[in-house]
Amino acid sequence: GILQYVEHPSLTAARKGFVDELKKEGYIEGKNLKLDYENAQGDVSIAQTISKQFVNNEVDMIFAISTSSAQSAYNATKEIPIVFTAVTDPVAAGIANSFESSGNNVTGMSDMVSMTEQIALLQEIVPSIRNIGVIYNTSEANSIVQVDELKAAAKESNLEVKEISITTVNEINQNLNSAIGSIDALYAPTDNTVASAYDLVGNICVNKKVPILCGEEAGVSKGGLCSIGIDYFKLGKEAGYKAAEILNGKAPIDIEISTLSDMSITINTDVV
């Protein structure tokens, strides 16, 4: 069972990478592999329903794409193996004891990247920045982790942080427009709600000439200035490799949770 929390390019790329790697490992859809793909459309209650459905259908494994998906799957079963991807901090999310071993039926790939390096990139391009806003959904555990890391990194760089909190996509327009005049730049983390509205966030910031530091490359193409992040297709492929290990008999508890070491820098020269 594949549970994707919301439709946007990075999560979709991770899903494609996962299926691609399973095929490489000999698990081919329609031959010896059956995939049940479901999308929660950004709704936690739907993610929970899908997870329970997977459990009732006795799937052999759940592939959870995003923190909310992984949490929903873990809440639904402590027995069926769960492989996740695009989860920033699985320990803070409550689905793993540590990166070395989850201690349970979960393993996967984290999309955590260095906030210090991200801020350094932004300051190198726009040295005049004194404060930075961050827009995020307060109900997403992965986003809260990133905001805390941003605050710590910003303090080291003598930057002030202004939080722009939202709970739904519908709040983005009003809340961001209300804050846009008091920030020199905006950080858009790998937040599922924000990612589903990159076009809106990008348009607002471009019109006000406020540069956006993006947690992922997908945001740069929608009006962001720069990003130092990871390739989500590769992230999905690594998760697929872990899934193949489980299908071959290994237990999730014995498979380390990993991050990608190679980062890519993307700069949008149209908004510099």
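Select Met109. Met109 is buried, at 1% relative accessible area; buried means under 20%, exposed over 50% and partly exposed in between, with a 1.4 Å probe and protein chains only. Its place is strand S5. Helices (H or I, at least four residues) and strands (E, at least two) are DSSP runs numbered from the N terminus. This is a predicted model: local features need pLDDT of at least 70, side-chain atom pairs count only at pLDDT 80 or more, and totals for chains, interfaces and linings use all residues. Residues are numbered from 1 along each chain as its sequence is written, and side-chain values use heavy atoms, with hydrogens and water left out.

Now show the contacts of Met109, meaning heavy atoms within 4.5 Å. Leaving aside neighbours within four places in sequence, they include Phe84, Val87, Leu235, Ala239, Ser258 and Leu260.

Next, the sheet around S5. Select S2, S1, S3, S4, S5 and S11: in that order, these six strands form an open sheet with parallel pairing. Two strands pair if DSSP finds at least two bridges between them. The edge strands are S2 (37-39) and S11 (258-259), and each pairs on one side only. Zoom in on S3 and S4, which pair in the parallel sense over four bridges. Here Ala64 stands opposite Phe84 in S4.

H1 lies across S1, S2, S3 and S4, at about 150 degrees to S3. H3 lies across S1, S3, S4 and S5, at about 155 degrees to S4. For these angles, axes are lines fitted to C-alpha atoms, for helices over the stretch in contact, and angles run from 0 to 180 degrees between N-to-C directions.

Which residues touch the most other members of the largest nonpolar core? Select Phe84 and Ile95: they do, in a core of 45 residues. A nonpolar core is a set of buried Ala, Val, Leu, Ile, Met, Phe, Trp, Tyr and Cys residues joined through side-chain atoms within 4.5 Å. Elements that give two or more residues to this core include H1 (9-24), H2 (44-56), S4 (82-87) and H10 (232-247). H10 gives the most, with six residues. Beyond four places in sequence, Ile95 is in contact with residues including Ala70, Tyr74, Phe84 and Val106.

Move to the other sheet. Six strands form an open sheet in the order S7-S6-S8-S9-S10-S12, and the pairing is mixed. S7 (160-166) and S12 (264-267) stand at the edges with a single partner strand each, so one side of each is left without a neighbour in the sheet. Neighbouring strands here are turned by 20 degrees against each other on average, direction ignored. Select S6 (131-137) and S8 (185-188): they run parallel, joined by three bridges. Gly133 has Leu186 in S8 as its bridge partner. H4 (115-125) packs on this sheet, touching S6, S8, S9, S10 and S12.

Last stop: Glu216, in the loop between S9 (212-214) and H9 (217-220).
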